[in-house]
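Colleague: I am new to this structure and would like to go through its rings, its ligand and its core with you. Could you show it to me before we start?

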Amino acid sequence: MPDSYLWWQKGVVYQIYPRSYQDSNGDGVGDLNGIRQRLDYLQALGVDAIWLSPIYPSPMADFGYDIADYVDIDPVFGTLAEFDALLADIHGRGMKLLLDFVPNHTSEEHAWFKESRQSRTNPKADWYIWKDPAADGGPPNNWLSSFGGSGWQYDDVRKQYYYHAFLKEQPDLNWRNPAVQDAMLDVMRFWLDRGVDGFRIDVIWHLIKDEDFRANPPNPDYDPNTGEQNKLLTTYTTDRPEVHQVIGRMRKLLDEYHERMMVGEIYLPVQKLVTYYGTGGDGVNLPFNFQLITLPWKASVIRNAVDSYEAALPDHGWPNWVLGNHDNHRLQTRIGAEQARVAAMLLLTLRGTPTLYYGDEIGMHDIEVPPELVQDPFEKKQPGKGLGRDPERSPMQWDASTNAGFSTARPWLPLPPDAVQVNVAAQDQNDDSMLTYYRHLLALRRQEPALAVGSYHDFGTPEQVFGYTRSYEGRRLLVLLNFSADTQPVEHGHLLHGQVLLSTLKPRIGIQANGDFTLQPHEGVVILLADR
Ligand code: NOJ
């Protein structure tokens, strides 16, 4: 792999939702020691970096995205010493670790908020977004919570409202206050000094809100089925121009260290998304690109998305792609088992850093969560709309034993009935399994610099097929992905000669393409093009 690229450009990121990976102490919730026990698995899988969803002390109103102390570990996950041991083991294997940094809001239990809410004059009075009631005593403006309902919560002591973009238990910090910025940079420094390789930054595009608290306009395309949080556009609560200054400060800090990085969580259209790369050295290293999650799964749509994203990237902007995370329904549930293989090939052969979501590599699907077992506050606030995120957060399925080898106790979320068949142990030695397929894909990406860092060119193909080449130092790989359930002949005359290095359908590996190639239903292939 060429040295001129940084680890986070060449590497593959794997997201772990710590509550659900491996429980080592029998309380039904995953923990750091559990993750440590599974590092052999991750190394054999072939990923380069691990991103952990939040592990800090938290009342868990939003399962760790409500942080009560930024510089410690929640007892449910372990201790700082156990964190250090995990980090050392990860580094010992040549892998990297990204932490989830949640700067937009704290928990209401954070000492800063407890102090801030005591009076209008205390030293932290201005650390959160406080505002007097409107003339009628109601909320100061129409801003909504992303989980639904007003974003404002009245506080009896200060006789004011505070703003929360998410739960009322998650008050938003006032990032316009330089003291808040300094304190949060200190938090980053704390973890960087401990040796973490970077951060995934939660809702980074939310950090700054409109100074004048202007009302958000109605959403002309509002569809109530998508949740009441979508009634309004978020014009004045997200993507404010001043956010880039704050990001610039974070980046400056990261760049004081060797090869550290941040990837920002940003749900925005591409033209806006790419502005988060900054102007060169002052933006996030990677603004998460969620198009493969948010767009309809159609060859023509995905192809246009890839081409326009490639065209929109600034010269200094390194691309990235994501297929799943803890906030979206599982890939397999969204597009089905057969297309999930095609999607994995797409993710791992596109230009840019791929992020995998734990369990997708064994084809885990959304679980059914009966109402009495619902955990996610989003589901509790707007039940029955399919907004809940428990289905994609279920325990990792390791083997066919009780609780799928995840825990000796009843897990915090249920396992699906088919965990007995769909698990790591069952797939480990099976040549046709999803896991074996993922291992091959990851190995191929590691073996072929063209796939990791090579140039990208769209390869004109039929409507239902997305094809592209990746080239590096004269070696050219062609990826052909059939998004349909029909066979698809691809003809490309003299350009299509070579050998199949990998197919979603195992028996097809090794066959030759001689001027044309017929893809089987739901087939994806990587062809090494002959030098001619
Ligand atoms: C985005 C996180 O990914 C999500 O899980 C969380 O609920 C919100 N941010 C609030 O922190």
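Modeller: A charge is said to sit over a ring if NZ of Lys or CZ of Arg is within 6 Å of the ring centre and within 35 degrees of the ring normal. Please keep in mind that this is a predicted model, in which local features need pLDDT of at least 70 and side-chain atom pairs count only at pLDDT 80 or more, while totals for chains, interfaces and linings use all residues. Residues are numbered from 1 along each chain as its sequence is written, and side-chain values use heavy atoms, with hydrogens and water left out.

Colleague: Over the face of which ring does Lys124 lie?

Modeller: Lys124 meets the rule for a charge over a ring, at 4.7 Å from the ring centre, and the residue that carries this ring is Trp127. Another such case is Arg38, placed 3.8 Å from the ring centre of Trp398.

Colleague: Why is the pair of Tyr14 and Tyr21 edge-to-face?

Modeller: Rings of Phe, Tyr and Trp (its six-membered ring) pair if their centres lie within 6.5 Å, and planes under 30 degrees apart count as stacked, over 60 as edge-to-face and the rest as tilted. By this rule there are 36 aromatic pairs. In the pair of Tyr14 and Tyr21 the ring centres are 6.0 Å apart, and the pair is edge-to-face because the planes stand at 75°.

Colleague: Which residues of the largest nonpolar core touch the most other members?

Modeller: A nonpolar core is a set of buried Ala, Val, Leu, Ile, Met, Phe, Trp, Tyr and Cys residues joined through side-chain atoms within 4.5 Å. The largest one has 134 residues, and those that touch the most other members are Tyr14, Tyr41 and Met250.

Colleague: How much of the area that the ligand exposes when taken alone does the protein bury?

Modeller: A polar contact is a pair of N or O atoms within 3.5 Å, and an oxygen atom of the ligand lies 2.4 Å from a side-chain N or O atom of Asp327. For Asp202 the corresponding distance is 2.8 Å. By the Shrake-Rupley method with a 1.4 Å probe, the ligand taken alone exposes 300 Å², and the part of this that the protein buries is 98%.

Terms used. Polar contact = N/O pair within 3.5 Å; in protein donor to acceptor, adjacent residues only side chain to side chain. Buried < 20%, exposed > 50% of the residue type's maximum accessible area, 1.4 Å probe, protein only.
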